[in-house]
Amino acid sequence: MYKEGAKSNPASLAAAAAALFLLPLSGGASDLLRRTLLCLLQVFLSLVFLLLSLLPSPVQLHPIPIPTAKHKHSSSVDSTCASRALSHVLSVVSLVPVSSRKYDIVRSLADRLLDENLRFNAELNQRVLADAFSQTICRLEATLSSGELGFIGGAVKKGIKRWWPTVLVGAEVSSEEAFDASKADKLAAELLWIGEKLVVSGAVEETVVGWGAATGLSHRAVSADARLQVALVRVTVFFLRHANLMQSEEAKGAVEEQERSISAIHMSFLKSWLPLLCRATNGAETPTLNNREKVETVRILVEMIAKLSWEQQEEVLALWLHHFAASPDSDWPNLESYYAQWYSDSHKLFIN
């Protein structure tokens, strides 16, 4: 019985439908009530999906706030104006679709400005690029998140279509369409581009720290589209090489506190991205890495792990074994030899 004055909403309809699905398949009033509520739910969902199909495409250039000067008489006005202008250009690069004929023009302008700063003000590049790097990571993570929601919506529509094939006619929007793969690929490519610019500008440590801290993105990347995984593996390998070089260069004159700091940075990096390296599949068109790159990356991984403390090595190797064993599509990176050597050495230490 419905109480007088009760309000219906999507959540209550869905809950009622779910409860009725659990009722025994017997005739009578309960069966009639179940059919009635399911029909109401069918109408509601069909209207929702129809409205969603009429919305404009999400791939569009959103208006970008034009920067304005706030301190015209400041002694650092030139640096401030240059910073705002460069940030604005990078924002436009991030928002203009690759399919636009203006993308290459804006990207070329950004390259020119960044190259000019290398001669006069590399610190300006570091500040602005670091912000752009962080924003691009957030945008890519949000894009992957919307893809996950689109997958859920697709599963719901598949269930409806199974029982009422005529309901979704004219409003078919697949989960693949809900996820903007071209936008995700573009953002991943720009992450590598910005990362390369940061490294050239002398911000290796900041870049490695930022990539290691991107735990939300690394978590979603494990189950992402294979083509996007290829791009993110390449970004990760690029930063991995520079992370290892950072340790080699700074360890020469580093004190114990600095060494602990570098170990913490590398632990964060490996814990975030080693699962993707183990679980990423080869792309349909291009392989993730060629054989030489794979061998070189395994060598770098072994070097980085070997420089960690004994307990940290145990944690990283346990993480590797878990994801390596759970991946049916990849036999890389294979750290079996180093794992066996580490176990043998730890056994000897225990005996001594």
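**Group meeting: a walk through an all-helix model**

Buried here means under 20% relative accessible area, exposed means over 50%, and partly exposed is in between, using a 1.4 Å probe and protein chains only. Cys81, by contrast, is partly exposed at 33%.

A word on what you are looking at. This is a predicted model, where local features need pLDDT of at least 70, side-chain atom pairs count only at pLDDT 80 or more, and totals for chains, interfaces and linings use all residues. Residues are numbered from 1 along each chain as its sequence is written, and side-chain values use heavy atoms, leaving out hydrogens and water.

Now the overall picture. The protein chain has 14 helices and zero strands; helices (H or I, at least four residues) and strands (E, at least two) are DSSP runs, numbered from the N terminus. Of its 352 residues, 36% are buried. Contact means heavy atoms within 4.5 Å, and among contacts between residues at least 6 apart in sequence, 78% join residues at least 24 apart.

Let's go inside. A nonpolar core is a set of buried Ala, Val, Leu, Ile, Met, Phe, Trp, Tyr and Cys residues joined through side-chain atoms within 4.5 Å. Which residues touch the most other members of the largest one? They are Leu140, Trp211 and Leu217, out of 69 residues. Beyond its neighbours within four places in sequence, Leu140 is in contact with residues including Ala184, Leu191, Leu217 and Leu232.

Trp211 turns up again in a ring cluster with Phe133, Phe238, Phe239 and Trp273. Rings of Phe, Tyr and Trp (its six-membered ring) pair if their centres lie within 6.5 Å. Searching the whole structure gives nine aromatic pairs. Elsewhere, the charged end of Arg107 sits over the ring of Trp193, 4.2 Å from its centre; for this, NZ of Lys or CZ of Arg must be within 6 Å of the ring centre and within 35 degrees of the ring normal.

My last stop is Thr297, in helix H12 (residues 291-306). Is Thr297 buried or exposed? Thr297 counts as buried because its relative accessibility is 1%. Among the residues Thr297 touches, not counting those up to four places away in sequence, is Trp332. The peptide bond from Trp332 to Pro333 is cis, with omega near -5°. Most peptide bonds are trans. Pro333 itself is in the loop between helix H13 (310-326) and helix H14 (336-351).

Definitions and conventions:
Phe/Tyr/Trp six-rings, centres within 6.5 Å; stacked < 30°, edge-to-face > 60°.
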